Amino acid sequence: MKIALYCLQAATAADARTLLESLPGASVSVATGDARALEQLAAGNPDVLLCEAAPGSHTVAALARVSASRPPLTPMLLSRAPTPELLIEAMRAGVREVLPLPLDRVTVAAALERLRVQAQTVPGRHGKVLAFIPCKGGSGATFLATNLAWTLAQAPDNARVLLVDLHLQFGDAALFLTSETPPSNLAQLVHNTDRLDAALLSSSLLWLTPRLGVLASADDLGAGLEIQPGQVEALLALARQEFDFVVLDLGRTLDPVTVKALDAADRIYPVLQATLPFVRDSRRLLDAFQSLGYPNERVSLIVNRASKHGDIRQQDIERSLGRDIAYSVPNNYPLVASSVNQGLPLAKLAPSSPVVQALGQIATDLKPQADKPASWWQRLRLGGRNETVAAKA
Ligand SMILES: Nc1ncnc2c1ncn2[C@@H]1O[C@H](COP(=O)(O)OP(=O)(O)OP(=O)(O)O)[C@@H](O)[C@H]1O
Ligand SMILES: [Mg+2]
């Protein structure tokens, strides 16, 4: 990868150059000085331009000119103390990533890897929107949505996955996978609908891997309630172009934003448990889906925390709801609680647990090779052992 590095001072450039040259496959050219030096640097047709800017300097304007005249070039901003004004200016200049100075090897390598993955973006991509909704509070919808997003992004088919926390209040999806703080959130992003584009979306995400971005929920209760259905519609339309899978973690209230998200979903996964209150509320939710005109084929029921010893059997639920259960995910409270409490995907903690296998089955069914006898997930996790995945009901 051809990397161009522009710094305000020679000492900063020397340190950053040493780090960049230690990355495999990187060829680095460097400039310091005025805007002309930046333009000359870009004339060498690098793949990526790392450009240091200070708040209030003219560098960002020069960067905007340079990146507009050379579309394949990806600009990234380097800054010791990025102010909100500098960040907004940089976004307008088409900056996809902001890297803090002094550069950190892991952060830079991850940003460049994201860029490499981005370059593989299929033009006209039309990602699938998958909506998880609890039939009743605490059903496990967030656990399943977050861990399915992780599973889909681990597949060897290079799928790009976006997880969106669409709880307008008290969203906590990001915390199921990480303890890192998200750089932005849904409310802040959609507030800027008039300049919503791929660069702004990408920079608003917490990237857990080069293929998995998380858009956190609003961190302020009032801001969450100001989100409009049209803003969510615009966000999902953009997300489909940028990602292969867009996993939505929804709240249980059928408010206008949630309905807009459900309208956009290619598949809706209502999550219930095998107890009477859950079955009763599932009935109500399915009736609401019928009124909203969602065809049955778009809805895949998941029974979470399933156990062979429960009072209510799967057949009883199916008879009561008049629908087949698509998946049942086993109950394992200690393991799942440990994953949730540590903020780690369960697949990292217990890769061969039946809960992870059940998630693998859902993921496999969403991939084109689903009809193959042994799925990628089974081959990966079971190492070729002859075990059956009993997740699909
Ligand atoms: N398969 C499982 N086995 C055991 N425990 C589980 C399982 N799935 C989820 N849980 C537990 O249920 C708790 C609630 O899950 P989660 O927050 O995902 O539910 P939810 O449906 O999203 O709830 P809310 O209505 O608050 O959005 C989790 O913290 C976890 O401890
Ligand atoms: Mg939830």
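In this predicted model, the axes of helix α6 (residues 141–154) and helix α16 (residues 354–366) come within 9 Å and cross at roughly 65°, where axes are lines fitted to C-alpha atoms, for helices over the stretch in contact, and angles run from 0 to 180 degrees between N-to-C directions. Helices (H or I, at least four residues) and strands (E, at least two) are DSSP runs, numbered from the N terminus. The crossing of α6 and α16 is right-handed, a crossing being right-handed if the near helix is turned clockwise from the far one by less than a right angle, and left-handed if anticlockwise. On the α6 side the contact (heavy atoms within 4.5 Å) is made by Phe143, Leu144, Asn147, Leu148, Thr151 and Leu152, which meet Val355, Leu359, Gly360, Ile362, Ala363 and Leu366 of α16. These residues divide into nine nonpolar, three polar and no charged, with Ala, Val, Leu, Ile, Met, Phe, Trp, Tyr, Cys and Pro counted as nonpolar, Asp, Glu, Lys and Arg as charged, and the others, Gly among them, as polar.

A further helix pair is formed by α12 (residues 276–291) and α13 (residues 314–321), which pack at an angle of about 35° with their axes 10 Å apart, again in a right-handed crossing. Here Val279, Ser282, Arg283 and Leu286 of α12 meet Ile317, Ser320 and Leu321 of α13, and by class this contact has four nonpolar, two polar and one charged residues.

At the level of the whole chain, the domain assignment, which is automatic or from a database, gives domain 1 (2–119) and domain 2 (128–382). Their C-alpha centres lie 35 Å apart, and 11 residues of domain 1 are in contact with 11 residues of domain 2.

Both domains also take part in the largest pocket, whose lining draws at least three residues from each. This pocket has a volume of about 770 Å³. Of its 31 lining residues, Pro183, Ser184, Ser203, Ser204 and Leu205 are the closest to its centre. On a 1 Å grid over the protein atoms alone, a pocket is an open set of points where a 1.4 Å probe fits, with protein on both sides within 12 Å along at least five of seven lines, and lining residues have an atom within 4 Å of a point; grid points are joined across faces, edges and corners, and the volume is the space filled by probe spheres set on the points. The elements that each supply at least two lining residues include α4 (84–92), β5 (97–100), α5 (105–119) and α7 (186–191), and the lining comprises 17 nonpolar, nine polar and five charged residues.

Two backbone details remain. A cis peptide bond, with omega about -5°, joins Leu101 and Pro102, and Pro102 lies in the loop between β5 and α5. Asn45, in the loop between α2 (35–43) and β3 (48–52), has a positive phi near 55°.

Residues are numbered from 1 along each chain as its sequence is written, and chains are lettered from A and ligands numbered from 1 in the order in which they are written. Local features need pLDDT of at least 70 and side-chain atom pairs count only at pLDDT 80 or more, while totals for chains, interfaces and linings use all residues, and side-chain values use heavy atoms, with hydrogens and water left out.
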